[in-house]
Amino acid sequence: MFSRVIAFFVCLIAVLLPFRLRIVFAEFVGWVVQLFYGTYYGIINFILKELKKAEEEGKHGGE
Amino acid sequence: MEENKPVGILFSGGTDSTLTAALLTKEYKKIHLITFDRLGIFEVKNSEKNYKRLQDKFPETEFVYKIIDFNDVFKKISYQNYIKNLTKYGFMNLSTCGLCKLSMHIAMIAYCLENQIEQVSDGANRGMEIFPAQMDIIIEKLRDFYKTYGISYTNPVFDFAPPEEKSLIKDKEMAQIMSGGVSKREANYESSGETTEQKLYSLGLSPQQEVKGTHYDKKRQPRCFQFMIFNVYVQKWFLPKHNMDEYRKNTLDFFSHKITESKFLLDDYQKGIGKGIFNKEKT
């Protein structure tokens, strides 16, 4: 629901913008999303890596 | 072989359009590779790398590589009768990728009329049907549109298998858990069959079987973030409350209207009016 509200406002702004400004706005949104997902997946990958490491250490410790 | 007839390809330099060009070398001796440029599209010259690779691989074929500025065409198609279209179609006017591709097709028709080309192809593939110009129902509309100008429009790689959906998360199992066990593409299509990137690899035009989304691939085609607004509209606004069939229907309505509406640009072009917005070749 929250993401739909944000989507509505992003679309509302975009639809009202003239040609050049809409292009700049899309570019801005693109970089923001890229930054957000980059950070998100970076953290997830880090957690997964650490979990695997801990799992392997646990296995070796149990032997 | 269509010895004397040239073919035009909407060429981004990516795997799909490069494979399209490679496959057409069997039928055509002269191939026009047209890369389109406008405000918001960056690193357009990247497409030149795969043009050179194609020319080296198929020396018996004459490749004509051109970058054409279609900014004015895109602007006219996106904003003509805007208030009227806004009240009728709402946020569908943010379907930038579809409008951009439609503008490329319009510009391509003008190029074909200028250069006596009767056949046009592109790298449309069924795996990307969220994009209007890759949707079978829109492609049919475009085919009819091309036909009115005596041009045949084909999609040689349309039935190739879509590539496996890639995740930024390295652990594939985790990615599957997070996406509900099955990716959207796998849910819609069978994953069996050769993909365009595998075919390109087997032809010796690519260094590895999976290149889509890699650094190598990104350096061979233009970069564009303009799909972001379209993506927000479709994925976050429209599809959470509607189904895919409704999306397809709305897209068909909007683009059928847009195709009809855009016809005047080419009619004017044929009459010699407004020729300046077409065939603006970049060096």
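## Salt bridges, a chain interface and a strand

With a relative accessibility of 41%, A:K53 counts as partly exposed (buried means under 20% relative accessible area, exposed over 50%, and partly exposed in between, with a 1.4 Å probe and protein chains only). The model is predicted, so local features need pLDDT of at least 70 and side-chain atom pairs pLDDT 80 or more, while totals for chains, interfaces and linings use all residues. Residues are numbered from 1 along each chain as its sequence is written, chains are lettered from A in the order in which they are written, and side-chain values use heavy atoms, leaving out hydrogens and water.

Let's stay with A:K53 for a moment. Its salt-bridge partner is A:E50, where a salt bridge is a side-chain nitrogen of Lys or Arg within 4 Å of a carboxyl oxygen of Asp or Glu. Both residues lie in helix α2 (residues 19-62) of chain A, three residues apart, about one turn of the helix. Helices (H or I, at least four residues) and strands (E, at least two) are DSSP runs, numbered from the N terminus. A:E50 is partly exposed too, at 32% relative accessibility.

Over all chains, the count comes to 16 salt bridges. Here are some of them:

| Salt bridge | Closest N and O atoms |
|---|---|
| A:E50 and A:K53 | 3.4 Å |
| B:K45 and B:E48 | 3.8 Å |
| B:D136 and B:R248 | 3.0 Å |
| B:R223 and A:E27 | 3.1 Å |

B:D136 in α6 (136-147) and B:R248 in α12 (244-271) of chain B are 112 residues apart, linking distant parts of the chain. B:R248 is buried, at 18% relative accessible area, whereas B:D136 is partly exposed at 37%.

Now to the place where the chains meet. Here 31 residues of chain B are in contact with 29 residues of chain A, contact meaning heavy atoms within 4.5 Å. Together the two chains bury about 2900 Å², 73% of it on carbon and sulfur atoms; this is the accessible area (1.4 Å probe) that two parts lose on being put together, summed over both. One salt bridge is counted between chain B and chain A, and B:R223 forms a salt bridge with A:E27.

Finally, look at strand β4 (residues 62-69) of chain B. Six of its eight residues are buried, so the strand is largely enclosed by the rest of the structure. Strand β2 (residues 30-37) of chain B pairs with β4(B) in the parallel sense over eight bridges; pairing requires that DSSP finds at least two bridges between two strands.
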